[in-house]
Amino acid sequence: MIEEHLQEILNTPPLALDEILSARERRADTQRQLLEEGQGTLICLTLNIAGAVKSAPLFTKAFEEGKSRILTQLRFERAKIGKCIERHERTGDELYLLVDLDLVTAKRRMVEIEEGFALGRLLDIDVMAKGVPKISRQQLGLPPRRCLVCGEMAAACARSRRHDIREILRRTVELIDGYFIGEYADRVAGHACRALLYEVHIAPKPGLVDRENSGAHRDMDEFTFFDSACALHPYFRECAKKGALYCEEPDVLFALLRMDGKLAEQRMLRATGGVNTHKGAIFSMGIFCAVMGSMMEEGFGESAFAARCKALCRDLLRDFEGLKQKENLSYGERLYRDYGITGIRGEAAQGFPSVLQVGLPALREGSEAGKSLNDAALVALLRLIQAVQDTNILTRSDPQTLQWAQQQAGEVLEQGAGPEQMRELDRAFTARNLSPGGCADLLALSLFLFFMGR
C-alpha cells in the first residue's frame with residue numbers, strides 16, 4: 001500500500017515553479033479579500049507537502065481529516081462560520097473559514113489540532129484577523145515544528161536541504177497511510193469485539209452461555225466472555241493492521257497471525273483466570289479481521305472476501321498430514337482421524353461458506369423482516385446448527401448425537417423459534433451436556449460481517 005501510494009505521487013507531473021508561486025499569491029489575495037469583506041477571525045488550512053507535487057488522493061484524505069478536526073473544534077466552541085471557501089486544485093487543497101471566534105482562542109484550538117493527532121504535522125493552519133499579524137507558535141509558548149524525517153528543527157533541515165525529496169515523501173506517505181490504517185483497524189476491532197459481546201448476550205441459546213444461563217458450561221458465565229472479548233481488542237486491531245500492510249503476501253500474513261494468535265490466547269487466559277472462552281474465535285475472528293484489513297481500500301464484497309480467506313488459509317489442511325506419527329492430538333486432529341471432519345480448518349480453507357451462505361443471509365433476512373437482532377441471530381444459529389458438523393458437539397458426544405441436535409434445530413425452526421421453544425431446546429441440549437460452540441463462533445463471525453456491511 002505504501003509503495004503504491006508513493007509511486008502514484010512520484011509519477012504525478014510536477015508543478016512548475018511559476019505555478020507554485022502563483023498559487024501562493026492567490027492564497028494571499030483570498031485571505032486579504034475575506035478579511036476586508038467580513039468580520040471575525042480567518043482560519044486557513046493547507047498541507048505541508050514537500051516537493052513540486054501538491055495534489056494526490058492520499059493528500060486530499062489527510063486534508064479532509066484536518067478539515068473535520070477544525071470543524072469539530074469550532075462546533076465545541078459554538079463558533080459560527082460566516083464564510084467558507086474550499087478549493088481542490090493541482091496546487092493543493094485549500095480551506096478558508098471566517099468565524100466569530102477571538103484570534104487567540106482560535107489559534108490555540110488550531111494548535112491543539114496540529115499537536116494533538118498523528119496527521120497534525122502535515123497540517124498548515126494559519127489564523128489571522130484584519131490589521132493583526134499572524135500569531136506564531138512561539139507567541140503561545142510552543143516550540144518550533146520538528147522535521148518530519150529526523151525530528152530536528154524543521155526550519156534548519158529545510159535550509160540545509162538535509163533530506164532527499166523522495167525520503168521526505170516516503171515519510172509523508174507512511175504517516176498518512178499509518179494513520180488511516182490505524183483508524184480502520186480500530187473500526188474493524190471494534191466490530192469484532194461487538195460481535196463477540198452480542199453473540200454471548202443473545203438468548204435463549206441451546207446449551208450455550210448467554211444472559212439467561214451458562215448452558216452446558218460450568219466454568220464460565222456471560223461476564224467471563226465479557227472479560228475475554230475486551231481483552232482481545234488489541235489482537236483484533238493488530239490483525240486488521242497486518243492485513244492492510246501485507247495484503248499481497250498471504251503466506252507472510254498467515255505466519256504473523258499465528259504468532260499473534262498465540263499471544264492473544266495467553267491474554268485471554270489471563271483475563272478469564274484460565275478459562276477457554278474464545279480460543280476458536282481467536283483463530284477465526286483473527287482471520288476475518290486480517291482479511292477485512294486487506295480489503296481496506298477496495299471495500300467489503302462477499303466473493304472477494306471468500307477468495308481472500310481461501311488464499312490466506314489455503315495450507316491449513318496440511319495440519320492433518322502425518323497424524324499417524326503424532327502422539328498428542330488436538331481435538332480437531334482427533335475428529336479428523338476418527339470421522340474425517342475438517343472442522344474450522346476446512347471451513348476456513350473453503351472461504352467460510354457457512355458464514356457467507358447460512359449465517360449472514362439469515363441475519364439479513366431477519367433484519368429485513370423487522371425482527372430484533374436477538375431473534376434474527378437465534379434463527380441464524382439454528383440454521384448453522386442444522387448445516388454444520390459442529391466439532392464441539394462431536395467432542396462431547398458422537399455422530400448420532402450430532403445428527404439428533406441438527407434434527408432438533410430443524411424442528412424448532414419449523415415451530416417458529418419462539419422463546420419457549422428455544423428454552424426447551426436449551427434444556428434438552430444442557431441435559432445432554434451439548435454445546436454448539438463451533439456454531440456460536442460462526443454466528444459471531446456472521447454478526448461481524450453484518451456490522452461491517454452496514
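Author: A salt bridge here is a side-chain nitrogen of Lys or Arg within 4 Å of a carboxyl oxygen of Asp or Glu. The model is a predicted one, and a search of the whole structure gives 29 salt bridges. Three of them are described below, starting with R26 and E89.

The side chains of R26 and E89 form a salt bridge with an N to O distance of 3.1 Å. This pair joins distant parts of the chain: R26 sits in helix 2 (residues 17–37) and E89 in strand 2 (residues 81–89), 63 residues apart. R26 is partly exposed, its relative accessible area being 25%. E89 is also partly exposed, at 36%. Both values fall in the class between buried, which is under 20%, and exposed, which is over 50%.

A second salt bridge is made by R109 and E77, whose closest N and O atoms are 2.7 Å apart. R109 belongs to helix 4 (residues 103–116), while E77 lies in the loop between helix 3 (57–76) and strand 2, so this pair ties together parts that are 32 residues apart in sequence. R109 has a relative accessible area of 22% and is partly exposed. For E77 the relative accessible area is 29%, and this residue is partly exposed too.

Salt bridges with shared partners connect R26, R27, R87, E89 and E94 into one network.

The axes of helix 6 (residues 165–201) and helix 19 (residues 437–452) come within 8 Å and cross at roughly 135°. The two helices are therefore oblique to each other, and helix 6 passes helix 19 in a right-handed crossing. On the helix 6 side the contact includes Y184, R187, R194 and E199, and on the helix 19 side it includes L443, L447, F448 and F451. By class, this contact of helix 6 with helix 19 has 13 nonpolar, one polar and three charged residues.

Key. Residues numbered from 1 in each chain as written. Predicted model: local features only at pLDDT ≥ 70, side-chain atom pairs only at ≥ 80, totals over all residues. Heavy atoms only, no water. Axes fitted to C-alpha atoms, helices over the stretch in contact; angles between N-to-C directions. Helix = DSSP H or I, 4+ residues; strand = E, 2+ residues; numbered from the N terminus. Parallel < 35°, antiparallel > 145°, perpendicular 65-115°, else oblique. Left-handed = near helix turned anticlockwise from the far one by under 90°. Contact = heavy atoms within 4.5 Å. Nonpolar A, V, L, I, M, F, W, Y, C, P; charged D, E, K, R; others polar. Buried < 20%, exposed > 50% of the residue type's maximum accessible area, 1.4 Å probe, protein only.
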